[in-house]
Amino acid sequence: MLKKILNILKYIALIAACGGLVINFIWANIQADTRTCNEVVIDIENDDTVAFVNRTTLMNMLNKAQLNPTGKNISEINTDTIEKFFNNSEYLEKAECVMMKNGKLHVYTAQLIPVLRVFDGSESFYVNKDGKAMKATNSIHTEVPIVSGNFQNPADALVVLPIAKYVSNKPSLNELVTMYSVKDKNNIIIIPSIYGHFINFGNNTNIDNKFAKLKLFYKEVMPVKGWDTYDTISLKWNYQVVANRRSKRIKPVLFVDSTLEDDAPHLESIILPKETTPKPSAETKKTSPKNKVKNAFNRN
């Protein structure tokens, strides 16, 4: 008999506990319905590296979109909608919204980090590593490689990025390369600071080998033929450098040892002898590169 009574008491206690949980849940919902958002706190993760937007700018954007939750009941606030709004902003790479128990909405953001500036027809914009575009304006400027072309999608400009990253890590190449132009993924054009010719780099593979071939061409051919002889130097072919004369009648070819393609020396290991530096004649002074640019490969 005692055992039955104890079992009944256990069931009663269990029911009471469940009832308490239900009551607490209902009470919490009632409280949530009556609590309001009292503040929007915006955190910008990388505001010390770029400055495209600030907290005031983001709050103004929120107000303009009529999404400011301040003063609204927490139960009416859709944090997903606010989060999506900020993620769609061209100035931000990511955003996350969290409603806190103290009534504050915390918005965690990171500004877009440009890796290239793209000129596409009359448009100019920056792209990040994921291909997200941000329109370039007079108030927005950052030092990144420049690329021009006709792109179906802003992300298509990223075909240049492996080359641009390589160049940025080589002081001599960084001085040589002024910008890039893309005809297609197999015809990436480098515009060098040496006046008078372009460099067809081909695609974005075998980067080290191609710059090594360019180094050899600058060392062995240009001092002899003249720095204003060719209008295009192509590095896209295996084991050779092909240069087009301005007349387009002759295509002189520098053949490179096949072992160079497989195991190209670093640019820093090839030192141009001083006596090979061409001395421009009176006729070529206007188009010949300045000595400091011509010898840029020597200074790594």
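View 1. The model is predicted. The protein chain has 300 residues, and 41% of them count as buried. Contacts across the sequence are also part of this view. Take the contacts in the protein chain with a separation of 6 or more: 52% of them come from residues 24 or more positions apart.

**View 2. Helix H4 packs with helix H6.** H4 spans residues 161-168, and H6 spans residues 207-220. Two packed helices are described by the angle between their axes and the distance between the axes. Here the angle is about 60 degrees, and the axes lie 11 Å apart. H4 is therefore oblique to H6. The crossing of H4 past H6 is right-handed.

**View 3. Residues of H4 meet residues of H6.** H4 brings Pro162, Ile163, Tyr166 and Val167 to the contact. H6 brings Ile207, Asp208 and Phe211. Six residues of this contact are nonpolar, one is charged and none is polar.

**View 4. Cys37 and Cys97 are two buried residues.** Cys37 has a relative accessibility of 1%. The relative accessible area of Cys97 is 9%. Buried means under 20%, so Cys37 counts as buried. Cys97 is buried because its 9% also falls under that cut-off. A disulfide is a covalent bond between the sulfur atoms of two cysteines. How many disulfides does the structure hold? The structure holds zero.

Key: Residues numbered from 1 in each chain as written. Predicted model: local features only at pLDDT ≥ 70, side-chain atom pairs only at ≥ 80, totals over all residues. Heavy atoms only, no water. Axes fitted to C-alpha atoms, helices over the stretch in contact; angles between N-to-C directions. Helix = DSSP H or I, 4+ residues; strand = E, 2+ residues; numbered from the N terminus. Parallel < 35°, antiparallel > 145°, perpendicular 65-115°, else oblique. Left-handed = near helix turned anticlockwise from the far one by under 90°. Contact = heavy atoms within 4.5 Å. Nonpolar A, V, L, I, M, F, W, Y, C, P; charged D, E, K, R; others polar. Disulfide = S-S within 2.5 Å. Buried < 20%, exposed > 50% of the residue type's maximum accessible area, 1.4 Å probe, protein only.
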